[in-house]
Amino acid sequence: RTLDDSANRRISIPEACLTADIVLTTLQNVVDGLVVYPKVIERRIRSELPFMATENIIMAMVKKGGDRQECHEEIRVLSHQAAAVVKQEGGENDLIERVKNTDYFAPIKDELDALLDPSTFIGRAPEQVDGFVEKHVKPALAPYAAVIAAKKPAELSV
């Protein structure tokens, strides 16, 4: 330490620690009160899933002999129409109904439900999360098990 930065360090380092403390306390307050509603999550996934599935729909059509460019244009037009209903009119996402009602997509009409299975969009995420928790998180938390078990609610005083 030198004289030219002594005052700066005496102020900035303790302030940084106090800031980190309040950020973590606020985070704890938010997370402790966090409630997850699976049905709400499911509804939101269902509302966005048709847009996420457009590439799968295109690939299914190409497998049935459809032209990729033509299929892309068909799905693009339908997607814009469905997006307008959702964003401008506040309606439900009707992209899949539009696809089902378009003769161009008749070859894959029976496959649409399978193409919209949410579990096909998550890849290896569940296995990766489980592996990360087992390999890194649990060992990192193990030394602090007693502290975690004795956790008290965070209090914010302003």
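## Helix H2

Helix H2 bends by about 30° at arginine 46, and a proline, proline 50, follows within four residues. The bend is the angle between axes fitted to the seven residues ending at a residue and the seven starting there. Helices here are DSSP runs (H or I, at least four residues), numbered from the N terminus. The end C-alpha atoms of H2 lie 20 Å apart, which agrees with the 21 Å that its 15 residues should span at 1.5 Å a residue. The expected span is 1.5 Å times one less than the number of residues.

## Basis of the model

This is a predicted model, in which local features need pLDDT of at least 70 and side-chain atom pairs count only at pLDDT 80 or more, while totals for chains, interfaces and linings use all residues. Residues are numbered from 1 along each chain as its sequence is written, and side-chain values use heavy atoms, leaving out hydrogens and water.

## Helix H4

Helix H4 covers residues 68-89 and reaches 30 Å from its first C-alpha to its last, close to the expected 32 Å. Its buried residues include Cys71, Ile75, Leu78 and Val85; buried means under 20% relative accessible area, exposed over 50%, partly exposed in between (1.4 Å probe, protein chains only). The face turned away from the buried side carries the exposed residues Gln69, His80, Lys87, Gln88 and Glu89.

Just after H4, glycine 90 takes a positive phi of about 75°.

## Cysteines

Cysteine 71 is buried, with a relative accessible area of 0%, whereas cysteine 17 counts as exposed at 53%. The whole structure has 0 disulfides, a disulfide being a pair of cysteine sulfur atoms within 2.5 Å.

Note on methods. Helix = DSSP H or I, 4+ residues; strand = E, 2+ residues; numbered from the N terminus.
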